[in-house]
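Here is a quick tour of one protein model, written for someone who likes to check things on screen. Have the viewer open and follow along.

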Amino acid sequence: MAKVVTFIEKEFLLNQVKKTGSRVVVYGPGTSLDGTIASFDNESLQLRVNPKDASGFKPRDAVSVFLSYQSQRITFPGRVKKNADHDFIISLPENLFKAPQRKAVRVPPPGDLAIEFSLQNERIRIDCPESAEYSE
């Protein structure tokens, strides 16, 4: 089970990743990029990235961010705030998660995603609209 990173630990980890220039990987709908931390505050994380690699991201895109410090994996969801020239800024949530058990990356799906398959010569279309509420 993933552990929530405390406020003090969050600041320490981000400072260490920034200081060491460790790789930060951002996964978005159909694309990803590598970067390093340029700066951060309570609400935002600014990355140094290659503008060509960042061209697949638009403001308000949902992203999953992964970084590592001393072999400790840390992840959090965010949204692209700004993507212009060398400024790639992501919203920084209150909680980060360390040591997630899931090895595979959970990537936000593209907005126009549709799933369809055939079962015994019958076409089955799955329409999965997002819901803001939980239902068993």
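Gln 120 is exposed, at a relative accessible area of 77%. For the cut-offs, buried means under 20% relative accessible area, exposed over 50%, and partly exposed in between (1.4 Å probe, protein chains only). Gln 120 sits in the loop between S9 and strand S10 (122-126), and its phi is near 50°, a positive value in a residue other than glycine.

Ser 71 has a positive phi too, about 60°, although it is not a glycine. Look for Ser 71 in the loop between S5 and S6, where it counts as exposed at 75% relative accessibility.

## What kind of model this is

This is a predicted model, so local features need pLDDT of at least 70 and side-chain atom pairs count only at pLDDT 80 or more, while totals for chains, interfaces and linings use all residues. Residues are numbered from 1 along each chain as its sequence is written, and side-chain values use heavy atoms, with hydrogens and water left out.

## Overall layout

The protein has one helix and 10 strands. Here helices (H or I, at least four residues) and strands (E, at least two) are DSSP runs, numbered from the N terminus. Read from the N terminus on, the elements go β-α-β-β-β-β-β-β-β-β-β.

Of the 136 residues in the protein, 30% are buried. Among contacts (heavy atoms within 4.5 Å) with a separation of 6 or more, 54% are between residues 24 or more positions apart. The accessible surface comes to about 9,500 Å², and 49% of that belongs to carbon and sulfur atoms; these areas come from the Shrake-Rupley method with a 1.4 Å probe, and for residues only the protein chains shown count as cover.

In soluble globular proteins, nonpolar side chains tend to be buried together. In this model the largest nonpolar core has 24 residues, and Val 26, Leu 47 and Phe 88 have the most contacts inside it. The elements that give two or more residues to this core are helix H1 (7-20), strand S2 (24-28), strand S3 (31-40), strand S4 (44-48), strand S5 (62-69), strand S6 (72-84) and strand S7 (87-91). S5 gives the most, with four residues. As for the term, a nonpolar core is a set of buried Ala, Val, Leu, Ile, Met, Phe, Trp, Tyr and Cys residues joined through side-chain atoms within 4.5 Å.

Leaving aside neighbours within four places in sequence, Phe 88 is in contact with a list of residues including Val 26, Leu 33, Leu 45, Leu 47, Ala 54, Phe 57 and Val 80.

Ala 62 lies in strand S5 and is partly exposed, with a relative accessible area of 25%. The C-alpha atoms of Ala 62 and Ile 90 are separated by 9.4 Å, with the two residues 28 apart along the chain. Over in strand S6 is Thr 75, buried at 13% relative accessible area. The side chain of Thr 75 reaches the backbone oxygen of Val 65 at 3.1 Å.

The loop between S5 and S6 also holds Gln 70, which is exposed at 66% relative accessible area. The C-alpha atoms of Gln 70 and Val 17 are separated by 9.5 Å, although these residues are 53 apart along the chain.

## Two salt bridges

How many salt bridges does a search of the whole structure find? It finds two, taking a salt bridge as a side-chain nitrogen of Lys or Arg within 4 Å of a carboxyl oxygen of Asp or Glu. One joins the side chains of Lys 98 and Glu 9 (2.5 Å, N to O). Lys 98 is in strand S8 and Glu 9 in helix H1, so this pair ties together parts that are 89 residues apart in sequence. Lys 98 is buried, at 14% relative accessible area, whereas Glu 9 is partly exposed, at 23%.

The other brings together the side chains of Asp 34 and Arg 23 (3.0 Å, N to O). Asp 34 lies in strand S3 and Arg 23 in the loop between H1 and S2, so the linked parts are 11 residues apart in sequence. Asp 34 counts as partly exposed at 39% relative accessibility, and Arg 23 as exposed at 51%.

Methods
Polar contact = N/O pair within 3.5 Å; in protein donor to acceptor, adjacent residues only side chain to side chain.
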